[in-house]
Amino acid sequence: MPLNYHDYLKLDQLLSAQKPISPDVGRKAHEELLFITVHHSYELWFKQILFELDSVLALFKAPSVSEDDMGTIVHRLERIGAILKNLITQVDILETMTPLDFLEFRDLLYPASGFQSLQFRLLENKLGLPSDIRLTYNSQPYTDQLKSEQVKTATAAESEATLFSGLQAWLERTPFLESEDFPFWQKYRTAVEDSFNKDLAEIDVNSFLTSEQKDRAREQMRATLSSFSAIFDQDFFQTERNKGHWRLSFAAIRAALLIQLYRDEPLFQQAFRLLNVAKELDGQLTQWRYRHALMAQKMLGRKVGTGGSSGSQYLKATAEKHSVFSDLFQLTSFFLPRSKLPALPPKAKRSMGFNYGDTQ
Ligand code: HEM
């Protein structure tokens with residue numbers, strides 16, 4: 001018997017899973033099928049995302065990640081990014097259901113809620129959302145909402161390797177440019193100070209500013225300069241990290257900064273793509289959270305969620321707080337324009353190039 005499209009894709013099983021419950025209680029709600037179909041398609045995409053993410057975490061487990069594997073990692077994470085983009089726009093489809101339509105069957109859903117999606121929790125945990133920053137739900141751990149047989153799987157993903165831990169370990173192994181004849185961080189500090197002194201001098205001669213405005217501008221600039229201590233002074237960084245201002249280690253933060261500053265060097269290009277895609281994924285998930293929160297607000301107004309949370313307020317707060325790679329966004333504060341970066345000595349530059357056909 002030749003393989004049949006229907007059988008290969010198990011369409012009988014797949015297409016028999018969309019079963020509205022409103023007809024069972026004698027009040028058929030037209031929109032309920034759309035509600036189920038959209039949720040099913042989300043869960044299918046979550047499945048694909050977790051499949052890609054697991055393969056990336058496995059590659060990150062190696063003591064050193066080869067360039068080939070790095071290409072695969074970046075490529076698969078970019079695929080996750082493409083899926084997440086799709087998940088954000090899928091909200092448009094569900095929003096063709098009006099709040100009034102939703103009310104036709106919403107009461108039948110209690111107390112079920114997207115809050116109980118195991119795959120979504122696995123996605124958060126595998127990306128590296130730490131349990132200590134997770135917002136609680138009615139002061140209860142999120143696991144209280146899962147089925148008992150799912151709790152072990154969800155919590156195991158909290159303690160196993162995550163994209164955050166894999167990226168951190170990999171960053172910590174990034175070779176530094178630091179050497180006796182090229183003390184990079186000292187040079188970078190000088191470049192930063194020179195740049196600030198130049199800006200301060202420009203404030204002094206700015207005839208459009210009042211003396212109070214000048215004082216304020218100088219004060220702000222000094223505060224910005226002192227914030228640079230986070231990348232120059234490990235003890236200062238550690239204190240800030242203990243307060244929860246940073247999550248990555250000092251070594252990882254410095255490597256991430258270096259990669260972004262010198263991203264044009266061939267050796268750093270793949271690494272730069274990796275950092276970029278980590279930021280993209282974080283940003284896309286935040287966008288989804290926000291989009292979903294707005295949809296919940298439109299649908300429910302001030303009503304609580306079917307799962308009992310404060311509804312859209314809880315969801316908006318997760319968009320603010322549940323970022324995994326916020327450190328990579330913060331790092332931008334320590335950038336200098338390319339023209340002000342310390343020039344790499346020829347030896348360091350050569351070691352960061354591919355030098356095809358070079359016989360020296
Ligand atoms: C009419 C459309 C929707 C409304 C009004 C809505 C509303 C809500 C509300 C109020 C919550 C907070 C928990 C609660 O109290 O129930 C929630 C959580 C959640 N919903 Fe939805 N939702 C909708 C559609 C969707 C869709 C299509 C998905 C796709 C999978 C989804 C996934 C989730 C997830 C994963 C959570 C947990 C979020 C977190 O804890 O960070 N929701 N939803």
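The chain has 17 helices and 0 strands. Those are DSSP runs, numbered from the N terminus: H or I over at least four residues for helices, E over at least two for strands. This is a predicted model, so local features need pLDDT of at least 70 and side-chain atom pairs count only at pLDDT 80 or more, while totals for chains, interfaces and linings use all residues. Residues are numbered from 1 along each chain as its sequence is written, and side-chain values use heavy atoms, with hydrogens and water left out.

Overall dimensions next. The C-alpha trace spans about 80 × 65 × 35 Å along its principal axes. The chain has 360 residues, and 42% of them count as buried. Buried means under 20% relative accessible area, exposed means over 50%, and partly exposed is in between, with a 1.4 Å probe and protein chains only. Now contacts, meaning heavy atoms within 4.5 Å. Take those with a separation of 6 or more: 75% come from residues 24 or more positions apart.

On to the core. A nonpolar core here is a set of buried Ala, Val, Leu, Ile, Met, Phe, Trp, Tyr and Cys residues, joined through side-chain atoms within 4.5 Å. The largest one holds 99 residues. Which members touch the most others? They are L77, L163, L167, W170, Y188 and L274. Helix 14, residues 266–300, gives this core its largest share, 15 residues. Look at L77. Setting aside neighbours within four places in sequence, L77 contacts L53, V56, L163, L274, V277 and L281.

Stay on helix 14. H292 is found there.

Q270 counts as buried, at 18% relative accessibility. Its side chain joins that of R273 through a polar contact of 3.0 Å. A polar contact is a pair of N or O atoms within 3.5 Å; within protein, one must be able to donate a hydrogen and the other to accept it, and residues adjacent in sequence count only if both atoms are side-chain atoms. Leaving out residues up to four places away in sequence, Q270 touches E67, M70, G71 and V74.

Aromatics now. The whole structure has 21 aromatic pairs. Rings of Phe, Tyr and Trp (its six-membered ring) pair if their centres lie within 6.5 Å; planes under 30 degrees apart are stacked, over 60 edge-to-face, and the rest tilted. F46 and F120 are a tilted pair, 5.8 Å centre to centre, with 50 degrees between the planes. F46 sits in helix 3 (residues 32–60) and F120 in helix 6 (residues 118–127), so this pair ties together parts 74 residues apart in sequence. F46 is buried at 7% relative accessible area. F120 is buried too, at 9%.

F196 and F228 pair edge-to-face: 5.8 Å between centres, 80 degrees between planes. F196 lies in helix 9 (residues 184–204), and F228 in the loop between helix 10 (211–227) and helix 11 (229–232), so the pair ties together parts 32 residues apart in sequence. F196 counts as buried at 11% relative accessibility. F228 is buried at 3%. Both belong to a cluster linked by ring pairs: F182, F184, W185, Y188, F196, F228, F232, F237, W246, F250, Y262 and F334. Note Y188, which is also on the list of core members touching the most others.

Two arginines lie over rings. R121 is over the face of F115, 4.4 Å from the ring centre. R247 is over the face of F164, at 3.8 Å. The test is NZ of Lys or CZ of Arg within 6 Å of the ring centre and within 35 degrees of the ring normal.

Last, two loop residues. K340 is in the loop between helix 16 (326–330) and helix 17 (346–351). K340 is partly exposed, at 29%. K340 and D194 are 146 residues apart along the chain, yet their C-alpha atoms are separated by 9.1 Å. Not counting residues up to four places away, K340 touches A191 and S195.

S16 lies in the loop between helix 2 (11–15) and helix 3. Its side chain reaches the backbone oxygen of D12 at 2.7 Å. S16 and E193 are 177 residues apart in sequence and 66 Å apart in space, C-alpha to C-alpha.
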